[in-house]
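Trainee: I've got a new model open and I'd like to learn how to read it. Can you walk me through a few features?

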Amino acid sequence: MKILLEDTIPFGASYLDNVGEVTTYAWQNLVASDLADIDILALRSTTKVTPELIKGANKLQFVTTATAGTNHIDKACLNANNIAHSSAAGCNAVAVAEYVLSVLLHAQKSKKLDLYSATVGIVGAGNVGTALSVLLDAVGVSYVLCDPPLQEAGDKRAFVEMDDIARCDVITLHVPFVQGGPHPTGKLIDSALLNQLNDHQLLINACRGEVIDELALHARLTSPNAPTVVLDVFDNEPAIDTRLFDHCWFITPHIAGHSVEGKVRGTQMIYEQICHRTGQKATKALSDFLESIPPVKVSLQHPTQTRLSVVDLIDVFHRIYDVAVDDITMRQSVKQIENADTHAPSESVASQFAALRKHYRVRRECSAHTLVVPHNTSEEIAKTLKNLGFSVQREQAQ
Ligand SMILES: NC(=O)C1=CN([C@@H]2O[C@H](COP(=O)(O)OP(=O)(O)OC[C@H]3O[C@@H](n4cnc5c(N)ncnc54)[C@H](O)[C@@H]3O)[C@@H](O)[C@H]2O)C=CC1
Ligand SMILES: O=C(O)C(=O)[C@H](O)COP(=O)(O)O
């Protein structure tokens, strides 16, 4: 069984070493002829599975992506060629939800909005949208959900329309990029919707760049009363248009889902799929690959109070994940290109964007952290921290 594996899949070769004959590739170099005699192709979203690539396949029976999104795979082409396909649905939902919460806590800190009187409009109530709703419930922030496909399918949660979403203080996008069909999402956020937004509103895109009309966004951001915008994803990655950057509050290189847990969970999921397809027993577990990390001691301003103070919440959460760090790294790397007097700036941007993603820092989810809190911390505060995903350990009383 020959398995061709994208080299960005963490621990991919270690997971699969006993399952088949594994070779790895870099997405930049992959060509159709590399698929000759390959049975299984395992990839991340950087590999585009196109009819042209599939032309090289003579034995390919299964394509799987260690990501939630699947828009980089031409599924119609695989179906037409009798090649099965799968993905790692939900693997990084918590990571993206933590990314959004990190942004929201910055908005509170900088007084862009008062989180406790704001409403967050979540567009797409699947794995990410639901994980985000869990975090917002934990910290007592109101939200509404918009997801016409789930609503039509009979999901019993309360849903609103896009018109209601446009009036929310925060709009955060968590839909797949889908062209065609009853609910296409390409340019879902178009100039008409952007023109309804004002400078009291915050728009976050951590799903796919194509879901916002980028030209219309640029026009809106360079006109009066523009909303605050945070972008993790862009049109035409990795050769992205950097002109938007100066007009955005935070920009990050498509890393919202790149927690260690989010990525390794993706590998675990595709490993289990490949074992299943090849009739082998999956013997490896996530815990074989995730290192435990030492407990983090936190001091709380008012540990005995009922509610976790917003200052403590921001401090604790941003110690675990601060989106501003990723924003600074991205801006500095783009500045280097601008200062380098390069003749091919778009190629440099593309390779820099890809490098930022490939060498992303180690970022662990709340669930990987044990917080050591003062001994007299109230049950309510401990519960909030647990609902955010942390393990909580009380200090010994003196
Ligand atoms: N920036 C990043 O690192 C990451 C980005 N993503 C992106 O986010 C997307 C969502 O991820 P998940 O929640 O895991 O996927 P999911 O498939 O669990 O949920 C997507 C939801 O969007 C809904 N939806 C589809 N069309 C819609 C429309 N027109 N309006 C409103 N809702 C609509 C679906 O019904 C579904 O419930 C992925 O497809 C991927 O493109 C996902 C993970 C990481
Ligand atoms: O899961 C998804 O969908 C994502 O967007 C991933 O976070 C993308 O990660 P890469 O595969 O591009 O590293």
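This is a predicted model: local features need pLDDT of at least 70, side-chain atom pairs count only at pLDDT 80 or more; totals for chains, interfaces and linings use all residues.

Trainee: Is I270 buried or exposed?

Mentor: The cut-off for buried is 20 or more other C-beta atoms within 10 Å. I270 has 27 C-beta neighbours inside 10 Å, so I270 counts as buried.

Trainee: And how do I read the faces of a helix?

Mentor: An α-helix has 3.6 residues a turn, so residues three or four places apart point the same way. Now look at α12: V323, D326, D327, M330 and V334 are buried there. They cover an arc of only 100 degrees around the axis, which puts them on the same side of α12.

Trainee: Which exposed residues does the face of α12 turned away from its buried side carry?

Mentor: That face has Q332, K335, Q336 and N339.

Trainee: What about the ligand? Which residues come nearest to ligand 1?

Mentor: G69, G124, G126, P176 and G257, out of 35 residues around ligand 1. By class, that shell has 20 nonpolar, twelve polar and three charged residues. Helices α4 (93–109), α5 (127–139) and α6 (148–152) each supply at least two residues of the shell.

How values were computed: Residues are numbered from 1 along each chain as its sequence is written. Chains are lettered from A and ligands numbered from 1 in the order in which they are written. A residue is buried if 20 or more other C-beta atoms lie within 10 Å of its own, exposed if 12 or fewer, and partly exposed in between; C-beta atoms are placed from the backbone. Helices (H or I, at least four residues) and strands (E, at least two) are DSSP runs, numbered from the N terminus. The arc is that of the directions from the helix axis to the C-beta atoms. A residue is near a molecule or strand if its C-beta atom, placed from the backbone, lies within 6 Å of it. Ala, Val, Leu, Ile, Met, Phe, Trp, Tyr, Cys and Pro count as nonpolar, Asp, Glu, Lys and Arg as charged, and the others, Gly among them, as polar.
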